[in-house]
Amino acid sequence: MDEGILLGLGNASGSFERHMKAINYFEQLKLSDTGWQLCVQYLSTTGKTVDSETQFFCLQVIENFVKTRYLASSTEHQNILKNFLFRWTGMQVVQPRAFLYNKVAQIIALIFIQDYPMRWPNFYDDLFSTMETGGEANINMYLRILYAIDTEIADRDIARTNVELQRNNLIKDAMREGVVERLADSWYRILTTFDSSKPDIVCQCLQVIGKYILWMDINLVANDRFVSVLVKNLSESEVQDAAADCIHDIICKGMDPLSKTKLVESFYTVLTNAQVWDSLKNGSPFLSSLGRIVNAMGCTVIDGYNKLAKTGDKQGEVCQYIFIAIENKVPLILEFLANEDDDASASILDYLKDYLHLLKQSPALTEQQNKYFQMTLEIITRKLQFDEDYNFMKERETEADFQEFRKQLKIIFENLAQINKMTVIEHVKNILNIAIHNWKMLPFHDSEVALLLMYYLGEAIPAAGVSLFTADLAKSSPIQVLLLLIMNSDIYLHTHQSVVLQYFEIIVRYEKFFVCHPDYIASVLASFLKETGLFHPDKRVRSRCSYLFCRFIKSVRCHITDQLTNDIIHAIQPLLALVTPSKFQGTEPLMSSDDQLYLYEVVGVVIISGDKGNEKGELMKKVVTPLLETSRRVTEELAAEKDPHRQEELANVVIQAISVTSRLSKAFSNQLTMKTYNCTSIFLDALQIFIQSVQVAPDTQQISLQSCVRQYLHRMVVCLEEELLPYIPLASQALLKNCDCKSIQEYMPLINQVITKFKKEVVPFLNQMFTPMVQSVFRALAEPIELNDQIATGERRMLQRQYYNFIATIVTSNVMEVLSAEENSAILHQVMLSVIQGSVEFPDPVAQRACFSIMKKFVEMWGGQDNPEGFIDFLYKNILPACFMAPLKPHFDISDAQTLLALNEIGNCLLVILEKRKDEFRVYLQTHYLPTLNIPVPKIVEFLEALQRSPKDFRLFLKSFFQQLKASLP
């Protein structure tokens, strides 16, 4: 070993070059036949202190040898290696670090699975001998070896081949013949010898037992001597969690239902007699580990009960015995649930859910079960409350954990509602009544939970929709009664943000209530538009309210009057102002840019929803004009600004103006167009200004502005009619200013949308732009990129897909005259060849399907008697071969759903060729093309016969045909 090079591994050397030289040296040792021997010799030098990093790299070289060349090595070399590994612990001058122990154990385990039991039948004799002749270090090594062996032969999280599974089963069978008994004895000796004096060793041993118990005889551990030790360990703080995990693993071992129940009952009795559950009374941090034991007891027994119930009589003696065992522990899990420690409560929730699922299957609850039901409902109501130290200003890990815990409790609540809906509603009614009438005096969390449970009822009670509500108050459902209680209260004035937010969440959850009771809309709007909602001091309340307010307005839009429209716009006017660099300096705006989007959507909806149709255009203009004035002014500043930071600030103002104007347009649709409401001119004026902002913006701000203008145009295509068309060329020029790969591929969905909507009307523009666009695509695809540049590769693939979609949109929108136009004739052949190439070579089934769809349309239009010169030749020399070559490519996976759709399109294409060329096509297939593929004559005849079947049958045939043809290829 070159010790000079080895020095480069240490951090002290401070040289990256030396470090890399050392790593490369070890890589060379891995490749060398004698590298492992050099490492063994170096590590075996008596009295030498080898640093941990060097040891680890040496062990990696040895590990590589074991994995790749051990079996082919001589017996002498194998014995040298085994001897070294078993002596390694004793050779250490200083205590090795844990990762070195683990690496040696892993290497031994790798040798074990290759040699045991046939080539090294006395492995365990050697292992036990090593353990018994050494001290604590050897015990440590022994346990780590056992753990590593189990990982190799029994870990269910590791995928195995069938050969590996057979090998592992053989090993485990051999171990069951006497070895596992000796293992169990060794564990017992370790647990009793070290006891609490060496907690690390005890914890390791318990962990090993937990792993092995899953596949060994449970009676070797589940017996009086072991259980007494495990119970004793539960009372020792340093090992109690490991002991609990071990008991948990023992309980989870697969067994028949009756045996499992007896095992659980035995453990439950022992733990009860040992007063283990008394920890619930003293707030021990160990509670969640105990809860895992109880949870495992319940879940495994319930699972056994369900399996037995499916095959036998639920009233049978065994089923009844198991069900009693399940219910006997319910008081204990309710104690865990009620504990102040949320981790302890969460530890038994799976047991509780499974138990409630059993109750759902019962025709009626017993008196005791009703008691458990009521207790559970009351406990979760209490557990849902926020703790006093919950930080509403800044959510930390603790707060996130509690919110996750709440989600689990919500599931319990929903289960309870499914068991007894009326009892749950009555419970909510009682606590809601108290909260509504006493919220000023109650702690905030009482009021919040009352509203939260009301909110939960919306999901817990089936059909919590319009069927629950009626305008006839005398026929009010229980849910409607509760909502009326809330609507007639002033609880929304509560000073705590959590209560206020929960109130607004309820408003939106039960939005259908207002369809039957529109008289409450005005009061709800008032609560949104005051300091209780959108103007609340807490920015998180304002933010959430902006979203909820938008949801609410859209749900009641049919009840929005002109007066309400004016009131809403006037009230939120201060929140609509754009944040410019000179505005709000030193202070934070009331609304973030994202929240403003919801408010502008509200403005658009209320304007369109008002009564006076002839004034909607003017009202919309009043809203949009300030945005345009700001955009125009800021755009002028942006064009002259040189400072990059200032450029970004100004560009963000324009971006926000474009975004909110676009959001305003969401009130319109293909049916409710801007022309209908006399709003066309103001949105076209906006488009001109926004396009100008892209034209004058510095290069650093181009991409973000182009993205916003593109999204705005997508909305305009939906909302405007032919009046938009004159702006498309100018907009396209601005959006393709850079003409790079990304800008082209992002532009294409927009032009596809334009083509799909306007069809023939957009042909003049398409005639002008088609050739330049296609040439830009070809140039962008020809640009060289780095081999490992994943981003550039992804952009190129997306551009190819969008290009094929562009051609497909043209041919499917009946504007194929664009392709044959004189302006585009020079590039048509190149386009057609690119489609052929994409159908065969491009490994994207979505794009391939588009390509075959394009080819099918080519054949439909030009494959008959009247066809362009040379097309029939192109059909037989290019389109037809593509239909056969594509499915034979390795990347064409017929078992994939998207690829199957592409194959179906191939079938459709072949059928259209047959329709257009008739017998000529059949003869060409039989006598010219199919023989070139070396397809046997019977298969050719079968293919031609399948062509005469229904399209559906032919597509089914095509799948099996290509599967067989592909399998026959070399």
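These legends accompany several close-up views of a predicted model.

**View 1. The second largest cavity and its lining.** At least two lining residues come from each of α5 (75-91), α7 (123-133) and α8 (136-154), and α8 gives the largest share, four residues.

View 2. The model holds 61 aromatic pairs. In one of them, the ring centres of Phe123 and Tyr124 are 5.0 Å apart and the planes stand at 90 degrees, so this pair is edge-to-face. Phe123 and Tyr124 are both buried. For Tyr212 and Trp215, the centres are 5.4 Å apart and the planes meet at 40 degrees, so this pair is tilted. Tyr212 is buried, at a relative accessible area of 0%, and Trp215 is buried too, at 8%.

**View 3. A cluster of linked rings.** Follow the ring pairs here and they join Phe469, Tyr492, Tyr503, Phe504 and Phe513 with Phe514, Tyr520, Phe528, Phe549 and Phe552 in a cluster.

**View 4. Lysines over aromatic rings.** Look for Lys82, whose charged end sits over the ring of Trp120, 4.2 Å from the ring centre. Elsewhere, Lys410 lies over the face of Tyr456, and the distance to that ring centre is 5.9 Å.

Terms used: Residues are numbered from 1 along each chain as its sequence is written. This is a predicted model: local features need pLDDT of at least 70, side-chain atom pairs count only at pLDDT 80 or more; totals for chains, interfaces and linings use all residues. Side-chain values use heavy atoms; hydrogens and water are left out. Rings of Phe, Tyr and Trp (its six-membered ring) pair if their centres lie within 6.5 Å; planes under 30 degrees apart count as stacked, over 60 as edge-to-face and the rest as tilted. Buried means under 20% relative accessible area, exposed over 50%, partly exposed in between (1.4 Å probe, protein chains only). A charge sits over a ring if NZ of Lys or CZ of Arg is within 6 Å of the ring centre and within 35 degrees of the ring normal.
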